[in-house]
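Student: Could we go through this protein together? I would like to start with its overall layout.

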Amino acid sequence: QYIGNQELLKRRKTLFVCSKRAPWGTYERIFGWVESLTERDVVVCCNTTELEVEVMKSLVVNRVPTVLVVMNRFREENNAQIQRALTEGRMLVVVMKQTDKKRWSPRDRNAFLVQKVEHIIGGYIDKYGSLFPLLSGKTNFEAITDNFTSNIKNKVKKMRLEPEVHFLKF
């Protein structure tokens, strides 16, 4: 189901994706990227992670044409900014519905979207998440931030293997 300006699908599109556990330190760089966009750009995004929701809101406020992809139903009907973007032709909402023949998982949705865009921007991609294998090796993928998670997980693993013992003195 399509709600809004389907002409946006004919333009060059950039997909914004982000892992669920993005560190707070990445937000500034991601929103710096959003601020650099213009009305000539078209960004495809979902609203599944907290950061993706915030990026989508920022795109709408900054008047960047946006294709919002949602699963099963559109829940933002009463959002005044989204309604204005739809009315002004700056937004398309694509509702990917579950049917008896097709069951869309988030992984299926992401794989489908990666094939439909010309450029992919990763806000933060966790090396151990489902996005990493999907995007690795893609020549049209660009990461905005470095991957900090692998360093954190290595430190946690090292701490478990080599625990430091602290004695309390009374």
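Student: What pattern does the protein chain follow, read along the sequence?
Tutor: This is a predicted model. Along its sequence, the protein chain follows the pattern β-β-α-β-α-β-α-β-α-β-α-β-α. That comprises 6 helices and 7 strands.

Student: How much of the protein chain counts as buried?
Tutor: Of its 170 residues, 40% count as buried.

Student: Let us turn to helix α4. Which residues are buried there?
Tutor: Helix α4 covers residues 106–116, and Arg 109, Asn 110, Leu 113 and Val 114 are buried in it. Seen down the axis of α4, these buried residues fall within an arc of 135°, so they line one face of the helix.

Student: And what is on the other side of α4?
Tutor: Arg 107 and Gln 115 are found there, and they are exposed.

Student: What covers the buried residues of α4?
Tutor: The cover includes strands β2, β3, β4, β5 and β6, as well as helix α5.

Student: New topic: how many aromatic pairs does the structure hold?
Tutor: It holds 3 aromatic pairs. One of them is formed by Phe 16 and Trp 33, which are stacked at 5.6 Å centre to centre with 20° between the planes. This pair links distant parts of the chain, since Phe 16 lies in strand β2 and Trp 33 in helix α1, 17 residues apart.

Student: Is Phe 16 buried or exposed?
Tutor: Phe 16 is buried, with a relative accessible area of 0%. Trp 33 is buried too, at 14%.

Student: Which residues form the aromatic cluster?
Tutor: Trp 24, Tyr 27 and Phe 31 form one cluster. Within it, Trp 24 counts as exposed at 65% relative accessibility, whereas Tyr 27 counts as buried at 14%.

Notes:
Residues are numbered from 1 along each chain as its sequence is written. This is a predicted model: local features need pLDDT of at least 70, side-chain atom pairs count only at pLDDT 80 or more; totals for chains, interfaces and linings use all residues. Side-chain values use heavy atoms; hydrogens and water are left out. Buried means under 20% relative accessible area, exposed over 50%, partly exposed in between (1.4 Å probe, protein chains only). Helices (H or I, at least four residues) and strands (E, at least two) are DSSP runs, numbered from the N terminus. The arc is that of the directions from the helix axis to the C-beta atoms. Contact means heavy atoms within 4.5 Å. Rings of Phe, Tyr and Trp (its six-membered ring) pair if their centres lie within 6.5 Å; planes under 30 degrees apart count as stacked, over 60 as edge-to-face and the rest as tilted.
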